Amino acid sequence: MRSDIEVGRGNREGADLFRSWFNNLSDVRARNEGAAYVFVMGSLNELLLSFDMPVVFPEITSLQMAVRRVAHEYLDEAEDHGYSPDICGYVKADVALQLRKGQHPMGHVPKPKLALYTNACNTYIKWAEIWERMHDPVKIFAFDVPGTRQVGGQTWPGSQRFENDRRYVEGQIRELIEVCEGLTGQRFNIDRLRQTMGYANRMSLSWKRLLELNANHPSVFNALTDGTIYLGVGNAFRGTEAGAVYFERLVEEMEYKAKMGIGTLGEERHRLAFVGVPCYPIFRRFNELFSDWGGTFVSSTYLWFASGGANRGFQYDLDRPIESLAEGVLLAVRDAGDSMLDQYNVVRNMVDEFKLDGVVFHPIKSCRTVSTGLADARRALMDNNGIPSLFIESDMMDRRVVSEAQLKNRVDAFFEGLESRKLNAGEVH
Amino acid sequence: MSYGIRTFDEWEGQDLDEVLRLCRDLVEDVDFPTVKRWREAGGKVVGHFQVYFPQELAHAAGALPLKIRGAPVEPTHSDSRFGSYLCSIIKTSLELALSKRVELELFVTHPICDAARNLAPIWGRNFEYPCQILYLPQHANSKHAPSYLRDEYDRLAEVIEQATGGTITPDALRHSIGLYNRSRALMRALYDMKRTTPWKVAAEDAYCLVSLSGVLPVEEHIALMEYVMPQLQARTAREEDRVRVIFEGGFCEQPPLDLIRSLGRSCYVVDDDLLIGQRWVLSDIDTSGDPLAALAHAYLEQSSYSPVQHDDRKLKEAMLEQRFDGAGAKAVVLAAAKMCEPGLEEQVAYTQALDKRGIPFFVSEFEENMSSFSQLELQVETFVENLLFG
């Protein structure tokens with residue numbers, strides 16, 4: 001292992017890459033060209049890049065508005081346009097973005113010429129229908145990826161039921177290829193697809209390894225803050241050489257930190273899992289509520305589902321790219337769905353793997369996919385595991401439902417309990 | 001299968017008004033007495049959440065398909081299992097099961113919305129019986145959707161067989177489809193009546209007759225409808241000077257019966273999407289070939305619309321306009337259940353389309369548990385007066 005690795009380069013390079021992605025989108029907008037709008041679960045970046053289509057992730061462009069503390073301006077504009085305060089903040093921010101002709105705090109977002117969305121989140125579907133009405137022409141393509149039918153009842157390659165689903169997914173991919181050919185005027189190039197899938201393979205392998213490395217004591221990255229940077233790059237650069245190289249270098253850095261015992265805090269007192277979607281309106285401050293107590297997020301379901309299931313590290317078979325793409329997307333998107341709907345089993349497994357001291361459940365107003373089951377998952381975890389947990393509600397976009405003082409009270413009480421528990425167990429003196 | 005009993009026979013031999021009163025009482029009875037009778041006789045029950053479910057599959061296995069659509073009950077047991085910012089039906093549906101008002105052998109939900117898809121794992125953590133998601137296709141326009149859905153129904157049939165102990169033969173399924181064809185035909189006739197002679201059937205009565213199709217064994221629903229429909233048709237009531245309206249927004253969570261009654265006092269509700277899943281299939285399903293393929297075909301090609309199914313051929317506002325025109329309506333009541341994301345999102349498109357055509361509309365939110373309607377009644381009356389005299 002090299003000994004001259006700069007600690008922190010992953011974050012720096014990630015920020016640079018992310019900005020270059022945005023700059024590229026601004027260039028596309030300036031040329032008045034359209035882009036493919038996709039979502040983090042089932043983006044099919046590998047396929048779209050093989051047609052040289054620029055790709056916009058509206059979830060990412062929306063969350064950036066909150067991180068940059070201007071989301072409220074966009075939300076207000078969408079609500080003035082008739083959208084309810086009770087629907088997804090990402091959608092509303094994007095509606096206002098479209099009304100503002102792509103004007104975004106990080107640049108300019110091109111218009112959609114294709115909207116590709118899976119059924120992993122129903123809001124994706126409603127969102128695409130909004131674009132269908134706002135933009136003409138735009139081709140919207142529903143990409144059905146059947147999920148798990150019953151907790152613990154997943155089917156696997158080799159079974160007829162799995163093959164039924166895989167065949168459906170493959171059939172739709174082939175239909176999408178025809179759509180892309182029509183939109184771009186380019187013939188489908190299977191070798192180009194092999195190339196992007198090869199890059200995706202390298203990235204997935206690294207992503208899986210990255211998550212595993214955080215089981216290290218002390219943890220080598222913060223799953224909430226650093227993890228969000230990695231997610232941005234992981235989604236925007238999936239299927240690119242730059243993305244593959246970035247994650248290989250990131251893993252190299254984290255291996256180095258693990259070996260050298262370099263953590264994210266001066267003293268890692270409490271190892272936590274984060275379950276839900278981050279509170280972007282006060283993103284850094286939210287984390288400080290925990291880090292001030294020596295708490296760090298070593299794992300999160302967000303890194304699983306918002307990576308589109310890349311945590312599985314699935315490796316495409318490049319000898320049969322389309323069939324394998326269908327299988328990989330089916331397994332990954334299904335896994336992402338499980339990470340959102342079956343948090344109980346996901347977190348239960350994390351407790352031992354990451355030697356957790358506590359679990360933070362963070363349901364939000366905007367996302368019912370992730371949030372609806374969290375209270376019951378927590379109840380089940382408390383009943384069956386006994387690990388301390390915290391349940392706090394806010395939002396990923398809407399600062400009107402983020403009460404920092406209330407959050408702090410709850411977080412402080414949680415840590416007082418954790419400290420007391422450790423004291424009683426003789427772990428803290 | 002009847003298990004040798006009738007679950008709802010109180011109406012037999014009664015006059016029309018009494019039958020309708022009994023129907024209203026049954027719809028509002030949150031203890032589901034007919035389902036209890038079915039179970040006491042040894043019957044199995046398959047609970048299916050809104051919106052559409054192929055009830056024929058459960059029926060062919062000898063089980064009772066029971067539409068789970070919430071209820072106006074306090075979520076005393078289920079509240080602690082959910083966070084904030086959720087619609088009521090999610091909570092009260094689980095409440096019905098936790099409080100043992102309904103007991104099931106199998107629960108099936110659908111990814112109709114982000115909250116509903118969560119019900120399978122939540123339900124599964126709270127009950128021993130299987131709790132499943134039925135993945136109806138959202139890519140209705142894919143040429144692969146029919147074969148996928150046929151396979152998905154085949155899978156579901158297997159799950160139902162395992163959960164209920166019944167056997168679904170192709171002949172039994174064809175027979176069930178035939179029965180549901182009849183039940184749906186009777187409901188279509190009811191809606192024809194609403195559109196053509198709405199003064200013959202009150203909005204809440206029509207609603208109750210449809211609602212019972214999700215509660216009663218289909219044979220009993222057919223018998224009830226065949227008894228009621230000729231009597232409704234024979235009514236000599238005269239048309240009144242009321243505004244003809246469409247009610248849109250009842251595809252999942254249901255407004256309280258009092259709200260429908262209240263609306264019916266001011267307007268003729270000539271069409272609606274209330275319990276649209278029960279009326280999803282618009283024409284008879286083929287009973288001659290592969291019954292699973294026929295069910296799949298019907299879902300995709302012989303169906304209505306709702307905000308929770310995407311189909312390139314069914315732009316929602318165009319479908320609403322079609323419903324509006326088809327019913328000869330003069331205005332639209334656009335409602336959405338509180339916290340219902342698909343319903344609230346659709347309202348924007350609906351209002352813009354209606355505005356464009358100059359169609360009067362009234363926007364409102366409701367909740368199944370709401371008990372005070374005075375403000376809503378005032379708003380509706382003002383809206384109606386504006387239409388009549390404005």
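**Exercise 1. Determine which residues of α8(B) are buried and what they pack against.**

Solution. In α8(B), the buried residues are A203(B), E204(B), D205(B), A206(B), Y207(B), C208(B), L209(B), V210(B) and S211(B). Buried denotes under 20% relative accessible area, exposed over 50%, and partly exposed in between (1.4 Å probe, protein chains only). Helices (H or I, at least four residues) and strands (E, at least two) are DSSP runs, numbered from the N terminus. Helix α8 (residues 203-211) of chain B thus has nine of its nine residues buried, so it is largely enclosed by the rest of the structure. The buried residues of α8(B) pack against α1 (16-28), α7 (170-196), α9 (218-233), α10 (257-266) and β6 (267-272) of chain B, where contact means heavy atoms within 4.5 Å.

The basis of these exercises is a predicted model, in which local features need pLDDT of at least 70 and side-chain atom pairs count only at pLDDT 80 or more, while totals for chains, interfaces and linings use all residues. Residues are numbered from 1 along each chain as its sequence is written, chains are lettered from A and ligands numbered from 1 in the order in which they are written, and side-chain values use heavy atoms, without hydrogens and water.

**Exercise 2. Describe the largest nonpolar core.**

Solution. A nonpolar core is a set of buried Ala, Val, Leu, Ile, Met, Phe, Trp, Tyr and Cys residues joined through side-chain atoms within 4.5 Å. The largest has 286 residues, and F290(A), W123(B) and Y153(B) have the most contacts inside it. Helix α13 (residues 321-341) of chain A gives the most to this core, namely ten residues. A second, separate core of 14 residues includes Y268(B), V270(B), Y305(B) and M319(B).

**Exercise 3. State the location and exposure of Y85(B) and K100(B).**

Solution. Y85(B), not a glycine, has a positive phi of about 60°. Y85(B) is in the loop between β2 (64-68) and α4 (88-98) of chain B, and at 22% relative accessibility Y85(B) counts as partly exposed. K100(B) has a phi near 65° and lies in the loop between α4 and β3 (106-109) of chain B. With a relative accessible area of 53%, K100(B) is exposed.
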